[in-house]
Amino acid sequence: MVEALRAKGISDEAVLSAMNEVPRHWFLDSALDSVAYDDRALPIGCEQTISHPSTVAMQSQLLCVRPTMKVLEIGTGSGYQTAVLCRMGARVFTVERQKGLFDKTSRLLREQGFRAQCFLGDGYQGLTGSYDRIIVTCGAPEVPETLMAQLKTGGIMVIPLGEGEQEMLRITKEGEQREQWKVEKFGTYSFVPMLDGRQMR
Ligand code: SAH
């Protein structure tokens, strides 16, 4: 998988080694074992999908994560992206809106020894605290103000923006004022939508 990721332009060695060390099949139904390392999104139940490995790699690389950084992830889903960030040494706080996924994934991460803190909640509200990095793994119609407020000055947010298709944005909060937010664009992706509220089933 690592060679395929290199071929797709992933060069951050910390990302590549984390992805080499975290088995993606742990985060999927065993019926999908034979395709677990293909570069494709796959179903994880609750009408959601695990992102393409190349998307996980790209978002992780854009995030410029260093060990001990506090990272807030919106959209825990299968927990694969969460695990990769943990393996990179980040302190990960992750929020999922669907109770079914939250229950299953928080248990799995714990059992596999990933020390992420999992929360059931609405990612539009983010999580109390302030973070060095914020990664959104669902397609957001706009950049949530609350999340920008929870990003430390100097921090980076990676967020796929748009409905239907999304453009991958990296926003660097160079100052508190909106004019001091540097926005860079990194191509088109297709994510499941970021939805309002929580789903308690
Ligand atoms: N990083 C995950 C991506 C899963 S898909 C993985 O690789 O498996 C995106 C996830 O975002 C879904 O589980 C979906 O339920 C969740 N989601 C959508 N809107 C949300 C919101 N407002 N708050 C938190 N999670 C949300």
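How many bridges join strand S6 to strand S7, and do the two run parallel or antiparallel? Select residues 131-136 for S6 and residues 151-161 for S7: 4 bridges join the strands, and they run parallel. Two strands count as paired if DSSP finds at least two bridges between them. Strands (E, at least two residues) and helices (H or I, at least four) are DSSP runs, numbered from the N terminus.

Before going on, note that this is a predicted model, in which local features need pLDDT of at least 70 and side-chain atom pairs count only at pLDDT 80 or more, while totals for chains, interfaces and linings use all residues. Residues are numbered from 1 along each chain as its sequence is written, and side-chain values use heavy atoms, with hydrogens and water left out.

Show Tyr131, which stands opposite Leu151 in S7.

Next, select strand S8 (residues 166-173), which is antiparallel to S7 and joined to it by 6 bridges. Here Ile156 faces Thr172 in S8. The hairpin of S7 and S8 has 4 residues between the strands, and Gly162 there takes a positive phi near 135 degrees.

**S4 and S5**

Move to strand S4 (residues 91-96) and strand S5 (residues 117-120), a parallel pair with 4 bridges. Val95 stands opposite Phe119 in S5.

**The ligand**

Select the ligand and the 26 residues around it; Ser78, Glu96, Asp122, Gly123 and Leu195 come nearest. A residue is near if one of its heavy atoms lies within 4 Å.

Now look for polar contacts (pairs of N or O atoms within 3.5 Å). From a nitrogen atom of the ligand, a backbone N or O atom lies 2.6 Å away in Leu195, 3.3 Å away in Gly75 and 3.4 Å away in Arg97. The protein covers 99% of the 580 Å² of accessible area that the ligand has on its own, by the Shrake-Rupley method with a 1.4 Å probe.

Finally, colour strand S2 (48-50), strand S3 (70-74) and S4, the elements that give two or more residues to the shell around the ligand. S2 gives the most, with 3 residues.

Note on methods. A polar contact is a pair of N or O atoms within 3.5 Å; within protein, one must be able to donate a hydrogen and the other to accept it, and residues adjacent in sequence count only if both atoms are side-chain atoms.
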